Structures are given as structure tokens and as C-alpha cells.
Amino acid sequence: MRTETLTKGEVVIHPARLRIVQTLQGRKMTTRQIGEAVPDLPPASLYRHLKLLKDHGIVEVVEQHPRNGISESVYALVRGSTRLSREEFAAISGEAHQRYYAVFLGALSTVVNRYFEEPERDTTRDGMTYFIANLNLSDDQRQRLRLDLLDLIRRYSAEPIADEHRPTQVGISLSPDLLAVAPALDSEPSQ
């Protein structure tokens with residue numbers, strides 16, 4: 001595997017590695033625990049992906065525990081390591097964005113599908129929702145909305161984790177619809 005030339009996007013936005021990153025969100029876990037959380041990932045692949053994430057500063061070993069005569073590593077995400085800067089995000093090619101977006105949707109679908117398979121789910125209690133909002137925004141308004149959403153996520157991410165907290169996935173896609181035509185303000189509705 002070519003590790004020295006991979007971008008942060010290539011390292012993180014990969015189906016297996018993104019699942020590992022999601023599993024470690026707000027947690028410290030051993031390789032065994034991570035493997036139990038992603039049981040369809042073979043152990044050799046899990047170790048290879050963890051090494052790549054560690055080599056690129058995405059995860060770190062935060063503790064070592066003796067187990068059966070060997071030292072077992074405990075991993076955690078490096079704070080802020082998975083975020084792409086504006087410059088990193090802007091440098092991604094259109095083709096790569098399309099691949100990454102497909103991985104993003106797949107990861108989101110995996111979590112949502114797992115939630116809907118849970119017999120004890122309660123969308124009201126759990127605050128579960130999904131929707132599409134079609135807004136007519138200027139470029140400036142779209143940028144402010146983006147920054148407001150990022151600020152909101154940062155605020156919640158900065159709060160201390162308590163025992164009653166559950167991992168909650170928020171998936172946001174904000175994109176101008178280049179084929180849609182904004183309604184003219186002075187025209188009559190079509191019949």
C-alpha cells in the first residue's frame with residue numbers, strides 16, 4: 001500500500017477506514033474491540049488500516065495493556081485529525097469528490113440501516129430525522145449557512161462525553177443545484 005503519497009482525504013474517506021474512524025469517535029478502544037464493532041473486516045485488514053491511520057496521524061496509541069503475555073494497544077482518534085481544511089477540500093478533484101461522496105453516503109446508510117433494524121428504536125425519543133430542504137440562497141447566504149452548520153457541530157463536539165451520551169451521526173450535504181432554476185419573483189405559477 002502506498003502510504004507516503006496518500007492525501008488525508010484518501011486516508012480517511014475509504015470504506016473500511018471511515019468505519020474504523022466512526023467506531024473510534026469519542027472512544028478509546030483496543031484492536032479487539034474495534035474488530036468486534038466491525039466484524040466483517042478481517043483482522044489482517046483491520047491491522048493494516050489501523051497502521052495506515054496511525055502512520056498518517058489520524059489515530060494514536062493512548063494506552064498499552066498487558067494481555068496474554070503481549071502488550072495490547074488502545075487507540076483513539078487524534079483530535080481534529082479527520083477534518084479537511086478548506087484548502088485540502090478545494091484541492092480534491094471532481095472525480096475524487098464523487099468517489100468520496102459515495103463512501104460518505106454508504107457510511108451514512110450503514111448507520112441509519114443499523115438504527116432502523118433496532119427493535120427498540122423510537123425516532124421521537126432518539127431525535128432521529130432525515131430531510132431535504134430546497135433553499136434559494138445567494139452565494140453569501142450559502143457560505144454563512146455552511147459556517148453556521150460547522151459552528152454548530154463544533155459546539156456539540158466540544159462538550160464533554162457523559163455515560164448517558166450515545167454516538168450520534170450527523171450527515172450534511174450542502175450543494176448548489178446547478179440544473180434547477182430559481183423561481184422568478186414576478187411570474188405567475190404554471191397551470
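Two strands pair if DSSP finds at least two bridges between them. With that in hand, welcome to this predicted model, where local features need pLDDT of at least 70, side-chain atom pairs count only at pLDDT 80 or more, and totals for chains, interfaces and linings use all residues. Residues are numbered from 1 along each chain as its sequence is written, and side-chain values use heavy atoms, with hydrogens and water left out.

**Overall picture**

The protein has 8 helices and 3 strands. Here helices (H or I, at least four residues) and strands (E, at least two) are DSSP runs, numbered from the N terminus. Read from that end, the elements follow the order α-α-β-α-α-β-β-α-α-α-α. Along the principal axes, the C-alpha atoms fill a box of roughly 80 × 45 × 30 Å. Of the 191 residues, 20% count as buried; buried means under 20% relative accessible area, exposed over 50%, and partly exposed in between (1.4 Å probe, protein chains only). Among contacts (heavy atoms within 4.5 Å) with a separation of 6 or more, 56% come from residues 24 or more positions apart.

**The sheet and its helices**

The 3 strands form an open sheet in the order S1-S3-S2, with antiparallel pairing. Strand S1 (29–30) and strand S2 (59–67) are the edge strands, each pairing on one side only. Which strand do 2 bridges join to S1? That is strand S3 (residues 70–77), and the two run antiparallel. Threonine 30 has valine 74 in S3 as its bridge partner. Helix H2 (residues 15–24) packs on the sheet and touches S1, S2 and S3, its direction making about 90° with that of S3. Helix H4 (residues 43–55) also packs on the sheet, touching S2 and S3, and its direction makes about 130° with that of S2. For these angles, axes are lines fitted to C-alpha atoms, for helices over the stretch in contact, and angles run from 0 to 180 degrees between N-to-C directions.

**Salt bridges**

Side chains of opposite charge can pair when their charged atoms come close. A salt bridge is a side-chain nitrogen of Lys or Arg within 4 Å of a carboxyl oxygen of Asp or Glu, and the whole structure holds 12 of them. Here are some of these pairs.

| Pair | Closest N to O |
|---|---|
| Glutamate 88 and lysine 8 | 3.7 Å |
| Glutamate 36 and arginine 32 | 3.5 Å |

Glutamate 88 lies in helix H5 (residues 86–90) and lysine 8 in helix H1 (residues 8–12), so their pair ties together parts that are 80 residues apart in sequence. Glutamate 88 is partly exposed at 33% relative accessible area, and lysine 8 is partly exposed at 26%.

Glutamate 36 and arginine 32 both sit in helix H3 (residues 31–37), 4 residues apart, about one turn of the helix. Together with Glu72, Arg32 and Glu36 are linked in a network of salt bridges.

Arginine 166, in the segment after H8, and aspartate 126, in helix H7 (residues 123–126), are 40 residues apart. Arginine 166 is exposed at 55% relative accessible area, whereas aspartate 126 is partly exposed at 22%.

**The surface**

The protein exposes about 14500 Å², with carbon and sulfur atoms supplying 53% of it; accessible areas come from the Shrake-Rupley method with a 1.4 Å probe, and for residues only the protein chains shown count as cover. Ile153, Val170, Ile172 and Leu174 form a nonpolar surface patch with about 310 Å² of accessible area together. Patches are made of residues with over 30% relative accessible area and no salt bridge, with like charges joined within 9 Å and nonpolar side chains (Val, Leu, Ile, Met, Phe, Trp, Tyr) within 5 Å. Isoleucine 153 lies in helix H8 (residues 139–158) and is partly exposed at 36% relative accessible area.
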